[in-house]
Amino acid sequence: MPHLTLQLGPAGPLLDVIIGVSAPRQTALRQAGQAIPTPQIARALIDTGASVSAVDPAILNVLSLSPTGQMMIHTPSTAGQPHACNTYDIHLTLSHPALSFYIGALPVIQSSLHHQGIQALIGRDVLGNCLLVYDGRAGIYILGF
Amino acid sequence: MADALATELKTYEEHKHELLAEEGKFVLIHGANVLGTYGTYEDALKIGYEKCKLEPFLVKQIQAVEQVHYFSRDLPAECLT
């Protein structure tokens, strides 16, 4: 499997991803004669504790997205009671000069993450298609896709 | 934004019993209308944009018991309805 070997930093397994409107929305925008928002580069944390991926509202706002779904989520502060959360359809590219992985339509939730120095969480919905090896002793992680 | 799909979610609840015959598939809803069910999220989304253009629509997996997703870190309340 093609893979990347990347350095672990103090904040964990980070990588840059490209986030844009989903492929079907791109088609709809084009047919409506509207401009397709420029895809955004986002600093993302690979988070095995997130069952779905999340994106900072600053990114979603630039892409002028409206919700197209809703899911129930639990966090440590929801106190055992799941909460409904809107989802937005995006395309996601895990990008590296040596390798890239593209998902044309991915539902994500919105969450303010910028105060943590990141703009996206890559959750297990994406990791389900990847190989992830976390080698803390060597200070590296391996991501294959 | 929490109410953006209120009509579509109400429609889902109203039709849920009959939709459960196709549990696991993804339903496409626009306003009070169920437009179809599809085998994948991508297919439902594609048809949604083809039929509804840029108007609001809902894509939702049909489930008898709603799947709950987990985050080990807290998320700000803005996400939550």
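**View 1. β5(A) and β6(A) run antiparallel, joined by 5 bridges.** The model is predicted: local features need pLDDT of at least 70, side-chain atom pairs count only at pLDDT 80 or more, and totals for chains, interfaces and linings use all residues. Residues are numbered from 1 along each chain as its sequence is written, while chains are lettered from A and ligands numbered from 1 in the order in which they are written. Strands here are DSSP runs of E with at least two residues, helices are runs of H or I with at least four, and both are numbered from the N terminus. Two strands pair if DSSP finds at least two bridges between them. A:Ile73 stands opposite A:His83 of β6(A).

**View 2. β6(A) also pairs with β2 and β7 of chain A.** Strand β2 (residues 14-21) runs antiparallel to β6(A), with 5 bridges joining them. A:Ile19 has A:Leu92 of β6(A) as its bridge partner. The pairing of β6(A) with β7(A) is antiparallel too, over 9 bridges. A hairpin through 2 residues links β6(A) to β7(A).

**View 3. The largest nonpolar core holds 46 residues.** Such a core is a set of buried Ala, Val, Leu, Ile, Met, Phe, Trp, Tyr and Cys residues joined through C-beta atoms within 7 Å. Buried means 20 or more other C-beta atoms within 10 Å of a residue's own; exposed means 12 or fewer, partly exposed is in between, and C-beta atoms are placed from the backbone. The members that touch the most others are A:Ile19, A:Ala54, A:Val55, A:Ile90, A:Val108, A:Ala120 and A:Leu121. β6(A) supplies the largest share of this core, 5 residues. Two residues are in contact if their C-beta atoms, placed from the backbone, lie within 7 Å. Beyond its neighbours within four places in sequence, A:Val108 is in contact with A:Val52, A:Ser53, A:Ala54, A:Val55, A:Thr87, A:Tyr88 and A:Ile90.

**View 4. A:Ala50 sits in the loop between β3 (40-46) and β4 (54-55) of chain A.** A:Ala50 is buried, because 26 other C-beta atoms lie within 10 Å. Neighbours within four places in sequence aside, A:Ala50 is in contact with A:Leu121, A:Gly123, A:Arg124 and B:Phe71. A:Val133 is 83 residues from A:Ala50 in sequence and 17 Å away in space, C-alpha to C-alpha.

**View 5. Chains A and B meet through 35 residues of chain A and 32 of chain B.** On the chain A side, the elements giving two or more residues are α1 (23-31), β5 (69-74), β6 (83-96) and β7 (99-110). β5(A) gives the most, with 6 residues. By class, this side has 16 nonpolar, 17 polar and 2 charged residues. Nonpolar covers Ala, Val, Leu, Ile, Met, Phe, Trp, Tyr, Cys and Pro; charged covers Asp, Glu, Lys and Arg; the others, Gly among them, count as polar. β5(A) pairs with strand β4 (residues 68-70) of chain B in the parallel sense, over 3 bridges. A:Met72 has B:Val68 as its bridge partner in β4(B).

**View 6. Chain B has 2 helices and 4 strands.** From the N terminus, their order is α-β-β-α-β-β. The C-alpha trace spans about 35 × 30 × 25 Å along its principal axes. Of the 81 residues of chain B, 25% count as buried. Among contacts in chain B with a separation of 6 or more, 46% come from residues 24 or more positions apart.
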